[in-house]
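Dear colleague,

Please find below the structure I promised to hand over, together with its sequence. My notes on what was found in it follow.

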Amino acid sequence: MANFFLDNKDIQFHLDHPLMKKIVDLKEQGFRDKGEYDYAPVDFEDAMDSYKKVLEIVGDVTANTIAANAESVDKEGPKVENDRVVYARGTQENHDMLTRAGVYGISLPRRFGGLNFPLVPYVMTCELVSRADAGFGNIWGLQDCAETLHEFASEEINAEYLPQINKGATAAMDLTEPDAGSDLQAVMLKATPNPDKPGEWLLNGVKRFITNGDGDISLVLARSEEGTTDARGLSLFVYDKKHMAVKVRRIEHKLGIIGSPTCELVFTNAPAKLVGDRKMGLIKYVMALMNSARLGIGAQSVGIMEAAYREALKYANEREQFGKPIIQFPAVYELLTNMKARLQASRALLYETARFVDVYKNYFHIEKERKLEKEERDEMKKYQKLADAYTPLLKLFSSEYSNSVAYDALQIHGGSGFMKDYAIERIYRDARITTIYEGTSQLQVVAAIRGVTTGVLLSQMQGYEAIRPVPELDNQYRTLVTMREQYEEAVKTVHEAATKEGNDADLLDFHARRLVEMGGYIIMGHLLLQQASHPTAGEEYRISAIAFIKEGQAKCNAHLSYVKEFDPDSLGYFKMVLEEKAEA
C-alpha cells in the first residue's frame, strides 16, 4: 500500500536533523513521563522511533483514505443544514479515520490526551495531509487553536477543552469580520460580561470567512472594552459549540479548498470564557496564533507542491509527443528540475523555521514551571528572534512557490490539465489561496522586512557561510557569498536613499519585497547546500541546490540592478495610480 511518509525521503531527512536532540530533550524534560505513561519514551532513540511510527500511520491514512477521497470531496463539498455545517462524506471519513488512529492533538501534553510530540513531527503531518487534500489540511491544521489554549489559557480551561482534541473535536479561529479582514484591530464583535454567571462572557455579532466555522471549539476575537476602536479593546475568548448559540448563516462558494467550509457566523448571546488577560487578544494571543497558522500554511504549501510535482512528473513520463515522452524535451525537464528545486528549498525553510519555533516554545513552557537560567533565557530569545524572522519569509516563499509549481505542473499537462479528468486542476485551484489567507504575500513582506532592517537575516547568512559544503559544490558556495555581498549593497543603497529623502518610509516599503526576496534566495540556497553536502544525500539534492542557486543568482542580480538604478523621484510615477478612479 502507498504511504506518503515512507515514499518521501526528504521529509525523513529533516526528521533526523541534529537539532532534534535538543528539541526532544527540552520537550521530554528528562523523560519524566516514562513512569506515568506506558507510551512515553524512555530516551531519545525511543522518542524518535515513536515519531516515525506515528508519521507512518499518518502517511498510510493520507495516501489511502484522504487522497482517495479528495476528488469526491471537491465535487460534493460541505453544506448547511439547520444552521450547522455538514461535511462532505469523504471529509467526515477522513476525520473519523484520523480520530480512530489517535493522532489528533499529538503535540499536546500527555495529561491532556496528547502524545507530547515536538512541533516538527506535527508540522510534518500537516504537510502529509495537505499533499493528500489541501482543503482537509485546513481542518487538520486548526489544531493550532489547541496549542494557543495550551500556551495562554488557564489550567481550568485547558483541562476542560484540550482532552477533547484527541477525541475528535475540531477547532476554528473566529477572527475576521465583514469590515475587518487583514485589519483585525477593526473587529467589532461585542463581548460583555454575563451578569448572571461570573466569569462568563456573552458574544454578539457577525464573523465572516471563518475556516471550519462550525468547529467544536472556537477561539473568538471580540471587543471587550466598551468605547474602544483599536487593538487595545480586544480580548480572546473560547466558545464551545455545545451551547448552540452560533448559527452558520452560509458557506462561501470558493475557487479551491472546497472541502474546507468557509463560514459566515452569527453570534447571539454566545457564552464564552476569557483566554488569558483582557485587552491582550490581538496584541499577544492572536499574533501568536497567526504565527502558528503561517507555519501551517507553509506546510500546506509544501504539501501542495509535492502533489503537483508528482502529478507533473508522472504525466511527463507517460505523455508522448513527436515519438517520445515529453520529459525528454529540454523545455519540460528544465521546468521539472526548477519545480523540484523550489519544492526542496521550501521544505528546507519550513523545517528550519519549525525547529526554531520548537526550541523557543519549549523554553516558554518550561518557564511556566521554573525560572530559566540566564543561558536558557538567552537561547530562548535567540530562537524566538529567528522564528519571528523566518516565519513570514517561509509564508511568503512557500505560498508563492506553491502557486508557481502548481502552475508549471498544469502547464506540463497541457490542455489535459485544464480538464476535470486530472488531479492537477484541483491542486492548481487549491494552491491559489495560500498567498492570500493568514496574511497576504504583501503583508508577509511587511513582517519580513524587520529581519532585514534588524540584521537578523544577514547574521544568519554569515553563520551559514561558516558551514562549508562538499568540494564539488564550492562554486555554488562562492556564488552565495557574492549574493550576500549584493544583498548588503542593496540594503545599504535603499537605506541611504531613504535617509537622503528625509527617512522616506514609502521608499523602503517600495523596495522591501526585493530585499526580502534576496535574503530568502540566499538563506534557502545555504540550506540546500547543507542538505546536499550530507553524507547520505543523493545526486538529486546536488541538482536541486545547483538549480535553485542559479535561479536565485539571476533574481539577486536583477533586484540589485533595479535598486541601484532606481531614481527616488520616479516613485511619484507609481503613485499616479492613486489618482485613478475605477469605473463600474
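Predicted model: local features only at pLDDT ≥ 70, side-chain atom pairs only at ≥ 80, totals over all residues.

In strand β7, F237 is the bridge partner of V220. Strands β6 and β7 (residues 234-240) run antiparallel and are joined by seven bridges. Strand β6 also pairs with β3 (residues 171-174), in this case parallel and through four bridges; within that pairing, M173 has L219 of β6 as its bridge partner.

Strand β6 itself spans residues 217-223 and is mostly covered, with seven of its seven residues buried. I217, L219, L221 and R223 point one way from the strand, while S218, V220 and A222 point the other way. In a regular strand, side chains alternate between the two faces of the sheet. Both sets of β6 residues are buried.

Helix α14 (residues 456-465) is likewise largely enclosed by the rest of the structure, because seven of its ten residues are buried. The buried residues are V456, L457, L458, Q460, M461, Y464 and E465. Their cover includes helices α10, α11 (374-413), α13 (441-453), α15 (474-500) and α16.

Helix α10 (residues 330-369) contains S346. Is S346 buried or exposed? With a relative accessible area of 1%, S346 is buried, since the cut-off for that class is under 20%. Beyond the residues up to four places away in sequence, S346 touches V302, M305, L394, F397, S398, Y401 and M524. Two of these contacts, F397 and Y401, also belong to an aromatic cluster that they form with Y521 and F548.

The structure holds 21 aromatic pairs. One of them is formed by F510 and F566, whose ring centres are 5.0 Å apart and whose planes stand at 35°, so the pair is tilted. F510 lies in helix α16 (residues 505-532), whereas F566 lies in the loop between α17 (539-565) and α18 (571-575), so the pair ties together parts that are 56 residues apart in sequence. F510 counts as partly exposed at 21% relative accessibility, while F566, at 13%, counts as buried. F566 also forms a stacked aromatic pair with Y562, at 5.8 Å centre to centre and 20° between the planes. Y562 is partly exposed, with a relative accessibility of 33%.

The charged end of R131 sits over the ring of F4, at 3.6 Å from the ring centre.

Finally, I draw your attention to E28, a residue of helix α2 (residues 20-28). E28 counts as buried, as its relative accessibility is 2%.

Yours sincerely

Methods. Residues numbered from 1 in each chain as written. Heavy atoms only, no water. Helix = DSSP H or I, 4+ residues; strand = E, 2+ residues; numbered from the N terminus. Buried < 20%, exposed > 50% of the residue type's maximum accessible area, 1.4 Å probe, protein only. Contact = heavy atoms within 4.5 Å. Phe/Tyr/Trp six-rings, centres within 6.5 Å; stacked < 30°, edge-to-face > 60°. Lys NZ or Arg CZ within 6 Å of the ring centre and 35° of its normal. Pairing = 2+ DSSP bridges.
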